[in-house]
Amino acid sequence: MNTSTAKPCPSEVVGKAIRHESAHLHVAGRAFYTDDIPLPANTLHAALGMSTIAHGRLRAIDLSAVRTAPGVVAVMLAGDVPGHNTCGPIRDDDPIFADHLVQYVGQSLFAVAAQSVEAARRAVRLARIDYETLPAILDIRAALAAQSFVIPTQRLARGDPHAALAAAARRLRGTVEMGGQDQFYLEGHISVAIPQEDGAMLIHCSTQHPTEVQHKVAHALGRSAHDIIVQCRRMGGGFGGKESQPALFACAAALLAQKTGRAVKLRVDRDADMIMTGKRHDFIADYDVGFDASGRIQALLVMLASRCGYSADLSGPVNDRAMMHVDNAYFLEHVEIISHRCKTHTVSNTAFRGFGGPQGMLVIEQIIDDIARTLDLDPLAVRRVNYYAITERNITPYLQPVEDNVLALMTDQLEASSDYRARRERITVFNQHSPVIKRGIALTPVKFGISFNATLYNQAGALLHVYTDGTVLVNHGGTEMGQGLFTKVAQVVAEELGIPLASVRVSATDIGKVPNTSATAASSGSDLNGKAAQAAAHTIRQRLVDYACDKYALTADKVSFTQGRVTLGDKATDFAAFVLEAYGARISLSSTGYYSTPKIHYDRATLTGRPFYYFAYGVAVAEVAIDVLTGESRLLRVDILHDVGRSLNPAIDIGQIEGGFLQGAGWLTSEELCWNEHGELKTHAPSTYKIPTARDWPAQATVRLLEGEPNREDTIHRSKAVGEPPLMLAIAVLHAIRAAVASCGKRGVVLRLTAPATPESILRAINAVQKEGVDG
């Protein structure tokens, strides 16, 4: 049984459960992706030559066999780059082609352009590379021991945690370990570079950040930004993996296109994609927590350390956000968080849905669970006693007040609707009589901050044209990756102009139309671009109102737009006819729109301020079963209540919640990244890297949207972001597994279950708790 319910807000278009604007194209295989774009007749195909060692100096690169291979037209090395040989998003520490030093297996060394994909891929294998191998640091503990950091360590503190810890009634120390996660988008990285006149370049790229691609390509080619146009109609998934990572592939394609004067297409296969590109950061956390008999935290010290890889990439803001989400739903009066950003000789990790937030939340949720098990309390009771309050105990460690807290309300609703307490009692009885199959249940909360940590990215633009037949074309700075952004923007515009949704089309993201775009990330796509498109539509609507008032001697309150009709006092006409009339009167029917998020401010030096415009909330109850002989786990049921404010589109929002939850469950149960002692990733294909499938969706699932709680901030139609927060609802799955494992031993034992909770991890945890004995 699967049920999903939502109550839309009253309006013509906004708030309606409308299908994705490209759904009919997706299911028919007619949606155009970058790989489907018709190419010029003389297009070349590219491949990248990769390092085979984790750390070493390049003594020599012999490409003689590569250059003479069948079909090869051009080769590009670091010394051939006419501009800057770098594609790092923040620091210039990420070369397009390695020069002198190699720092991870899979690092790009050179590029080949050939007459076919097969010819290019065969040719790169003929390279002869002479390395001087150097010692490699491959994991977090080794990096900590060597004090190897890619960027400086950060400290966030509030209150007097050391004194409070010393005075705490009870004290507990522990470690949290979690793995990374590959984005595993269905469409891999791909870029097409097409030379234009006078040195300009058109780039078709599967990217969440077209402006960054523009800048990096321009720098590599030695050109200006206005010479580079980047377009993206849609991506086949992104999940953060196409925020900074596409720059490498776009730069390589553009460099070869500039060198040959021909279009170049670079599409990497799945294995190369997984080996070459960054993933979710894996973390360890050592904690020391003081608490009272009820489980309320009195003081907390946390050491966070993440594997960043060989370069900075986006590790700074990712780790900052992890620090800012260690609190999750809980008030921490006395806290110190130390964050080490470890340099390792592995691929540089990057953005992934949640952007550090999931890792920070996972730390505090295990701490809460460990406290509960030490005290032999229901973990939900300990969660509740630590929740942020409304008028007190409501300041975050970074000094932002929590002003829109609905977690207690949501927890009450879900605890009742999911029958949590009765089920927990039944599971206890079941486990007492079941020696092989054990069950567990958990309820966990989510409080996720919405806005870019880097304040400058909280802005967006849009361009809107109304044609004389009454149809509308919109362009904005956001990118569509399946999440439904284009659908929501079209709804917003249709609502503002009072026209049918079918009259609005959203065109491919194009920085030649809307410049200086922010990445479509941080769950901000609809917040930013929806507001910008609304502003553009409002400008045109106001022009039409002003024209009507002048033409027909009306006041503004006598002019209205609804259902494709324009009311002019006691008369009415079709929107199309009125637009044609306005055009005849020389009224401009084109406008830009702009929006910047208000209220936010953030001091990067002190890690304090108001980095988030608002918070999105959610709660989930998960029930699982484990096999104590094999370690196999199965998700049996999930109940979700999620806060999206006043939903722009309940169908799309529920889809995001379901997809985010299952992706999070994959991170925490089955998606294990494994490197060997040489720094080689061994899980670089679906044969060895296991993402969830439809069969992993539980037989019982209920997903509901919180009703009657519109966003208290002035967001687009009082909605809330929904891209990232649902992923963290899956923490309930891991904690349900923890509960099942705990039932294998005696009460009061603290568990050591590493994530992902693979069968091997579960068996290790079971063996550990059984060594502590079992209840008589």
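Between domain 1 and domain 2 the count is 2 salt bridges, a salt bridge being a side-chain nitrogen of Lys or Arg within 4 Å of a carboxyl oxygen of Asp or Glu. The model is predicted, with local features needing pLDDT of at least 70 and side-chain atom pairs counting only at pLDDT 80 or more, while totals for chains, interfaces and linings use all residues. Residues are numbered from 1 along each chain as its sequence is written, and side-chain values use heavy atoms, with hydrogens and water left out.

**Domains and their interface**

- The domain assignment of the protein chain gives domain 1 (402-451 + 612-776) and domain 2 (459-596), with bounds that come from an automatic or database domain assignment.
- The centres of domain 1 and domain 2, taken over C-alpha atoms, are separated by 40 Å, and the contact (heavy atoms within 4.5 Å) takes 20 residues from domain 1 and 16 residues from domain 2.
- Domain 1 and domain 2 bury about 1300 Å² between them, 53% of it on carbon and sulfur atoms, where buried area is the accessible area (1.4 Å probe) that two parts lose on being put together, summed over both.
- On the side of domain 1, Leu-648, Ile-652 and Ile-716 lose the most area to domain 2, and together they account for 39% of what that side buries.

**Polar and charged pairs**

- Lys-488 forms a salt bridge with Asp-653, in which the closest N and O atoms are 2.6 Å apart.
- Between domain 1 and domain 2 there are 6 residue pairs in polar contact, both residues at pLDDT 80 or more; a polar contact is a pair of N or O atoms within 3.5 Å, and within protein one must be able to donate a hydrogen and the other to accept it, with residues adjacent in sequence counting only if both atoms are side-chain atoms.

**Two loop residues**

- Thr-43 is found in the loop between helix H1 (23-28) and strand S2 (44-50), helices (H or I, at least four residues) and strands (E, at least two) being DSSP runs numbered from the N terminus.
- Thr-43 counts as buried because its relative accessibility is 8%, buried meaning under 20% relative accessible area, exposed over 50% and partly exposed in between (1.4 Å probe, protein chains only).
- A polar atom of the Thr-43 side chain lies 2.7 Å from the backbone oxygen of Pro-40.
- Ala-521, in the loop between strand S21 (509-510) and helix H15 (525-552), also counts as buried, at 13% relative accessibility.
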